[in-house]
Amino acid sequence: MPSSFTFRVLGTPVPQGSVKAYGSRVVANNREALGSWRTDVASAAHRARPDDWNKSAAVSLRCEFVFPRPKSHFGTGGNAGKLKASAPEHHTKTPDLDKLTRAIGDSLGEAVAQVLLVNDASIVSIHAIKRYATDDFLGAIITVTALE
């Protein structure tokens, strides 16, 4: 039976950004926010992982990214706080889902989290969604399943 665990990371999810070259130096365009997010993901994963976790196992990830709705999705005046009929159901704006999942994979394979994965190459499947918040939680809900 595969072992798995789920953890939550609070905050606005940050994508693995594009990089820009400055001469011989390459820098992520969102380096500061991304660094903080990746540290938060790695720390939450480390706290949640089972004691008998096999860091050499192939793993499957389920990632749910939860974003706030823009104010423009809600009515005003007497309808303040009510979702407009025209508000989209799905989160189709940036950031891109693939960049969000890359940030998670890289976070789980970094030095801080190597007690979780030897490296992110051991991730063999990912199911990911992004959505608007339906409650007060903003962030990511991640389930890691070892495929032993």
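**Reading a sheet, its helices and a buried histidine**

Modeller: This predicted model contains an open sheet of 4 strands, ordered β1-β6-β4-β5, with mixed pairing. Its edge strands are β1 (4–10) and β5 (123–132), each of which pairs on one side only. From one strand to the next, the twist averages 15°.

Colleague: In which sense do β4 and β6 pair, and over how many bridges?

Modeller: In general, the strands of a sheet pair through backbone hydrogen bonds, either parallel or antiparallel. Here β4 and strand β6 (residues 139–146) pair in the antiparallel sense, over 8 bridges. To locate this pairing in the structure, find Cys63, which stands opposite Ile142 in β6.

Colleague: Which strands does helix α1 lie across, and which does α2 lie across?

Modeller: Helix α1 (residues 31–48) lies across β1 and β6, running at about 145° to β1. Helix α2 lies across β1, β4, β5 and β6, and runs at about 125° to β4.

Colleague: What span should the 18 residues of α1 have?

Modeller: At 1.5 Å a residue, α1 should span 26 Å; its end C-alpha atoms are 26 Å apart, so the expectation and the model agree.

Colleague: Which residues of α1 are buried, and where do they sit around the axis?

Modeller: The general idea comes from the helical repeat. An α-helix has 3.6 residues a turn, so residues three or four places apart point the same way. In α1, the buried residues are Leu34, Trp37, Arg38, Val41, Ala42, Ala44 and Ala45. Because they cover an arc of only 165° around the axis, they lie on the same side of α1. The cover over these buried residues of α1 includes β1, α2 and β6.

Colleague: Let us turn to a single residue. Where is the place of His91?

Modeller: His91 is in the loop between β4 (59–67) and α2 (97–109).

Colleague: Why is His91 classed as buried?

Modeller: The class follows from a cut-off: buried means under 20% relative accessible area. His91 has a relative accessible area of 7%, and is therefore buried.

Colleague: What does the side chain of His91 reach, and which residues is His91 in contact with beyond its neighbours within four places in sequence?

Modeller: The side chain of His91 reaches the backbone oxygen of Lys93 at 3.5 Å. Leaving aside those neighbours within four places in sequence, His91 is in contact with Phe67, Lys130, Arg131 and Tyr132.

Conventions. Residues are numbered from 1 along each chain as its sequence is written. This is a predicted model: local features need pLDDT of at least 70, side-chain atom pairs count only at pLDDT 80 or more; totals for chains, interfaces and linings use all residues. Side-chain values use heavy atoms; hydrogens and water are left out. Helices (H or I, at least four residues) and strands (E, at least two) are DSSP runs, numbered from the N terminus. Buried means under 20% relative accessible area, exposed over 50%, partly exposed in between (1.4 Å probe, protein chains only). A polar contact is a pair of N or O atoms within 3.5 Å; within protein, one must be able to donate a hydrogen and the other to accept it, and residues adjacent in sequence count only if both atoms are side-chain atoms. Contact means heavy atoms within 4.5 Å. Two strands pair if DSSP finds at least two bridges between them. Axes are lines fitted to C-alpha atoms, for helices over the stretch in contact, and angles run from 0 to 180 degrees between N-to-C directions. The expected span of a helix is 1.5 Å times one less than its number of residues. The arc is that of the directions from the helix axis to the C-beta atoms.
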